[in-house]
Amino acid sequence: GWGNAAKVTNSLERNINSSEINCNIYGGGNKGKVETKAKTTITTSHITDNIYGGGNEAEVQTTEVNIKQNTNIDKNIYGGGNLGTVLGEANTVIENSNITNSVFGGGNAAEVQGDANVTIHNSIIDEAIYGGGNGEYSIVPGDEIGDQNPAKVLGNTNLLVDENTKVKTIYGGGNLGKVNKDTKIEIKNITVTDSIYGGGNAAIVGENTNLYVSNVNVTNSIYAGGNGLLAVVYGNTNLDIDNNTVVGKHVFGGGNAAATGTEENNNSKGIVNIVGATINGNVYGGANTSQLYGDTTVNIGNLTSSNQNLIKSDIVIEGTVFGGGEANASGSEEYDYSFISVTVGIKININGSGHDTFTIKGSIFGSGNASSTTGYSYIDIKNYGTKEDIKKNISIQRANIVTLDNSYIELKGATDRTN
């Protein structure tokens, strides 16, 4: 760092090149405040401990961390401080390097009061990338929802991961550290060996999530929302998938065990746009085992997308399209639609025009899988199949209104089940 207890008023820069360091590195001081930017650049080095853009216990105005040229980090990287607050933005850039543990845009047990920005190119991260902070060691007793954990980002998180990076899991939010505003995640041309979440692991996102996945190979699933029960997204979720992305399991417009929105407001929106992907499981407008308090829209096909700047490619969905969420997690064939996975309404738009390959192999449900909505449910299908290429599906069901336009479909038939 820069000082033990003395204040530093000038802009500070630390450069580490071709070195091996066996201790923590701090961009800021131990207990002395840095009133300007703390910039740390590490090149072609081996660091056996953690890297903090901020201070140990001291405040820093802003941080900039640059890791590049085959640097190896054995523990974690934090854009923020350990116990020291970042008063403005925290910026982290990682290029052509290997991280054995995780990357956090925020701090370990301290706030970032501005935005947390993370950019990662052509690197290997063995564990997770978090847009927000950690918070594992700063849990406040009695704080049931994690709102008081100091490892917050008070602004937005902005995460860009591209250029053949390989990582286990990606979270737009924090681990146990809340993001007060939005998460924005752009993921392009990489490999994810587990799952992607627009929200946090066990931490709130105070406003919206915006997740873009392009030409990515995902072994497990993609969630527009958060992971654990506490990882609620209080606003809206938006998920865009394009350009030959491959998903090993499912796509969710909501979270895993985390809700989107609140019962009191009941006005959140979950939007899923798929214009180019192979999805080896199902597509859901809602969550896995939780609720979306509002309405969902699932758009499949380039002409249906609410984002017309996406890259069109073939679309193959091996499973079923559900406008709602998944409640039949046990795999039982006894279907009970009493669980409300989407509270206001569901809209599914399907349009195969302009795609060389456009296939949905399961059913199309205006509800969830063994779950329902208390509002409307509309299914609109256009340009799906031709006389020469009749599309074969199991069923189309659980909708108030189904509209078919210029489509040729053969239905095997089933009631309240997808196979």
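With a relative accessible area of 33%, E59 is partly exposed, a class that lies between buried (under 20% relative accessible area) and exposed (over 50%), judged with a 1.4 Å probe and protein chains only. The structure is a predicted model, in which local features need pLDDT of at least 70 and side-chain atom pairs count only at pLDDT 80 or more, while totals for chains, interfaces and linings use all residues. Residues are numbered from 1 along each chain as its sequence is written, and side-chain values use heavy atoms, with hydrogens and water left out.

E59 forms a salt bridge with K33, with 3.7 Å between the closest N and O atoms; the term denotes a side-chain nitrogen of Lys or Arg within 4 Å of a carboxyl oxygen of Asp or Glu. This pair links distant parts of the chain, 26 residues apart: E59 is in the loop between β6 (51-52) and β7 (60-68), and K33 is in the loop between β3 (25-26) and β4 (34-43). Strands, numbered from the N terminus, are DSSP runs (E) of at least two residues. K33 also counts as partly exposed, at 29% relative accessibility.

A salt bridge also joins K75 to D49, the closest N and O atoms being 3.5 Å apart. Here K75 is in the loop between β8 (72-73) and β9 (77-78), and D49 is in the loop between β5 (46-47) and β6, 26 residues apart. K75 is partly exposed at 34% relative accessibility, whereas D49 is buried at 17%. In a further salt bridge, the side chains of K178 and D147 meet at 2.7 Å, N to O. K178 lies in the loop between β16 (166-171) and β17 (183-188) and D147 in the loop between β14 and β15, so the pair ties together parts that are 31 residues apart in sequence. K178 is buried, with a relative accessible area of 15%, and D147 is partly exposed at 29%. Salt bridges also link E13, K37, K39 and E64 in a network. A search of the whole structure finds 11 salt bridges.

Nonpolar cores were also identified, each being a set of buried Ala, Val, Leu, Ile, Met, Phe, Trp, Tyr and Cys residues joined through side-chain atoms within 4.5 Å. The largest core has 57 residues, and those with the most contacts inside it are I51, I170, I196, I222 and L239. Strand β33 (residues 345-351) contributes the largest share of this core, 3 residues. A second, separate core of 14 residues includes F104, A128, Y130 and Y337.

The structure holds 13 aromatic pairs. Rings of Phe, Tyr and Trp (its six-membered ring) pair if their centres lie within 6.5 Å, and planes under 30 degrees apart count as stacked, over 60 as edge-to-face and the rest as tilted. Y197 and Y223 form a stacked pair, at 4.8 Å centre to centre and with 5° between the planes. Y197 lies in strand β19 (residues 196-197) and Y223 in strand β22 (residues 222-223), so the pair ties together parts that are 26 residues apart in sequence. Both Y197 and Y223 are buried. The rings of Y376 and Y378 are likewise stacked, because their centres are 5.0 Å apart and their planes are at 25°. Y376 is partly exposed at 31% relative accessibility, as is Y378 at 33%. Ring pairs link a cluster whose members include Y26, Y52, Y78, F104 and Y130.

Terms used. Helices (H or I, at least four residues) and strands (E, at least two) are DSSP runs, numbered from the N terminus.
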